[in-house]
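Try each task first, then read the solution step by step.

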Amino acid sequence: LETLNDEGVDYVVIGSGLGGMTTAALLSRRGWRVVVLEQHDVLGGATHTFTEQGFEFDVGVHYLGGELDHRMSLLGRLFDVVSDGALEFS
């Protein structure tokens with residue numbers, strides 16, 4: 001952590017799941033210097049996908065709860081802020 005402090009990091013976020021990445025994005029949008037640490041080789045925590053025997057599994061889609069496509073829901077507004085409105089769901 002001393003090296004991170006020497007680089008001028010303001011916040012260290014542990015974990016790249018939905019909460020960690022959202023927190024890091026919001027902090028960085030406010031001008032803070034943020035680093036995200038993740039022990040897995042894939043970012044996204046429980047929201048990433050993996051392939052097994054030719055099948056692709058979306059392991060965390062249910063965490064979104066169908067709220068992201070409703071722009072006025074709390075989660076929809078949060079993701080609009082984090083993504084500058086660039087996310088679209090069909």
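**Exercise 1.** In which strand is the place of Phe50?

*Solution.* Before starting, note that this is a predicted model, where local features need pLDDT of at least 70, side-chain atom pairs count only at pLDDT 80 or more, and totals for chains, interfaces and linings use all residues. Residues are numbered from 1 along each chain as its sequence is written, and side-chain values use heavy atoms, with hydrogens and water left out.

Now find residues 49-52: this is strand 3, and Phe50 is in it. Helices (H or I, at least four residues) and strands (E, at least two) are DSSP runs, numbered from the N terminus.

**Exercise 2.** Work out how the rings of Phe50 and Phe57 are arranged.

*Solution.* Start with the count: the structure holds two aromatic pairs. Rings of Phe, Tyr and Trp (its six-membered ring) pair if their centres lie within 6.5 Å; planes under 30 degrees apart count as stacked, over 60 as edge-to-face and the rest as tilted.

- Step 1: take Tyr11 and Trp32, whose centres are 5.4 Å apart with 90° between the planes, an edge-to-face pair.
- Step 2: Tyr11 is in strand 1 and Trp32 in the loop between helix 2 and strand 2, 21 residues apart.
- Step 3: turn to Phe50 and Phe57. Their ring centres are 5.0 Å apart and their planes at 20°, so this pair is stacked.

**Exercise 3.** Decide whether Phe50 and Gln53 are buried, partly exposed or exposed.

*Solution.* Use the cut-offs: buried means under 20% relative accessible area, exposed over 50%, partly exposed in between (1.4 Å probe, protein chains only).

- Step 1: Phe50 has 35%, so Phe50 is partly exposed.
- Step 2: Gln53 has 72%, so Gln53 is exposed.
- Step 3: look at where Gln53 lies, in the loop between strand 3 and strand 4 (55-58). Its phi is positive, about 50°, although Gln53 is not a glycine.

**Exercise 4.** Describe how strand 1 and strand 2 pair, and how the chain gets from one to the other.

*Solution.* Two strands pair if DSSP finds at least two bridges between them.

- Step 1: strand 1 (residues 11-14) and strand 2 (residues 34-37) are joined in the parallel sense over four bridges.
- Step 2: find Val12, which stands opposite Val35 in strand 2.
- Step 3: follow the chain from strand 1 through helix 2 (residues 18-29) to strand 2, a right-handed β-α-β crossover. Right-handed means that, with the strands pointing away from the viewer, the path from the first strand over the helix to the second runs clockwise.
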